[in-house]
Amino acid sequence: MLAIARSVERRWSATVKPDQELIAEALNGQAGAFAELASRHRAPVERLCQRFFSDHELARDLVQESFLKAFAALKTYRAEMPFAAWLRAIVINLCYDELRRRRRKPEELVGDFTEPELDWMQLVNTASPEDIVAAAEERRNAHDLAHRLLDMLKPDDRTVLVLKDSEDMSVSEIAATLGWSEAKVKIRAFRARQVLRKHAERMLSAERRWAAR
Amino acid sequence: MGCAMNCFEARRDFRAFWRRELSSERREAFLAHLRGCPGCDGAFRNFALSAPVMHSDVTPERRREDSPRVREAVPARRPAMAYRATARRREWFSISAAAMALAAGVVAAYLSVSAPVGNLNDVLSQQEPQVEPVVDLFGPGTAQTFNQDGGFAG
Ligand SMILES: [Zn+2]
């Protein structure tokens, strides 16, 4: 068993270059090295961008911009930090800036809901927890509505909430990434959860009243 | 029942339940707690509104029946209590409607963004909306291209 594991490990290390090696090759102008690095780290970058923006096009643009920035700044990368964490900091700052740039007008945030969104809210109000989880996986409108809800948060609050609750980053990591104090991160996280809960309650109780009409 | 769960434990497990990471025993305890605790049940439903973005790793594709053209033909909304049966009928209806939309061609695909049909604004605006003035700190960014496979273009 151990022998099999070792041989697999040997084959793996023979075929898969570590990030650091690819970075060195990319810095030496070797074509394809950065492309391999990018394709290796693309999935978590995409996922992170999609937690910030419902617009697929925009998320895709931000993914591309993140890798462009990373490529341009590759010389400044230091090996003490894993490449994934360094890249993530670039992505976060881009998404945060975009979030602030795109801050929507108040009237766009609440108001008109689509029929599928109303259906989803109704399901959240009435179905069992298991059915809710199962349904969310296949409903795009559940995703859209979640974005609408999160859009109600201030950019600072939303960013902290995504990083802390979705990406499992620690308070100190978030503070270092955004250049904030740890106290600010904690306050924002607390506030974000409070505001989010308030808006979720409001949406669900509005749906109940709507359905009861 | 071996392990009764308290409210603190139940709320800490929201995310793991959403991600299907709870053991079957823990899951049962979690569900039993929610059935008996309206506070945690309500908190879970609030959580479920943001969880599809916050705690799911995949974004479902936008379905054809989400498009306004198809939805126009969806039967009128039924009372909340009848949800399940209604939903099932609507699924079937949606499948045939989607097929029709496919036949209709590109138009339905073009209309992939859902248009508003219900207005809850009157209900929601009874309470003050929690918003801030818009501050545009940055000018429009310049577009650059980077291929899917990681190469640069242009
Ligand atoms: Zn409880």
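In this predicted model, A:F83 is buried, and so is A:W86, where buried means under 20% relative accessible area, exposed over 50% and partly exposed in between, found with a 1.4 Å probe on protein chains only. Residues are numbered from 1 along each chain as its sequence is written, while chains are lettered from A and ligands numbered from 1 in the order in which they are written. Local features need pLDDT of at least 70 and side-chain atom pairs count only at pLDDT 80 or more, whereas totals for chains, interfaces and linings use all residues, and side-chain values use heavy atoms, with hydrogens and water left out.

A pair of aromatic rings is described by the distance of the centres and the angle of the planes. Rings of Phe, Tyr and Trp (its six-membered ring) pair if their centres lie within 6.5 Å, and planes under 30 degrees apart count as stacked, over 60 as edge-to-face and the rest as tilted. Searching the whole structure gives 15 aromatic pairs over all chains. One of these joins A:Y77 to A:W86 edge-to-face, at 5.2 Å centre to centre and with 65° between the planes. A:Y77 is buried at a relative accessible area of 7%, and A:W86 counts as buried at 12%. A:W86 also forms a tilted pair with A:F83, at 5.7 Å centre to centre and 40° between the planes.

In chain B, the residues B:F14, B:F17, B:W18, B:F30, B:F44 and B:F47 form one aromatic cluster.

Charges also meet rings in chain A: the charged end of A:K184 sits over the ring of A:W180, 4.1 Å from its centre, where sitting over a ring requires NZ of Lys or CZ of Arg within 6 Å of the ring centre and within 35 degrees of the ring normal.
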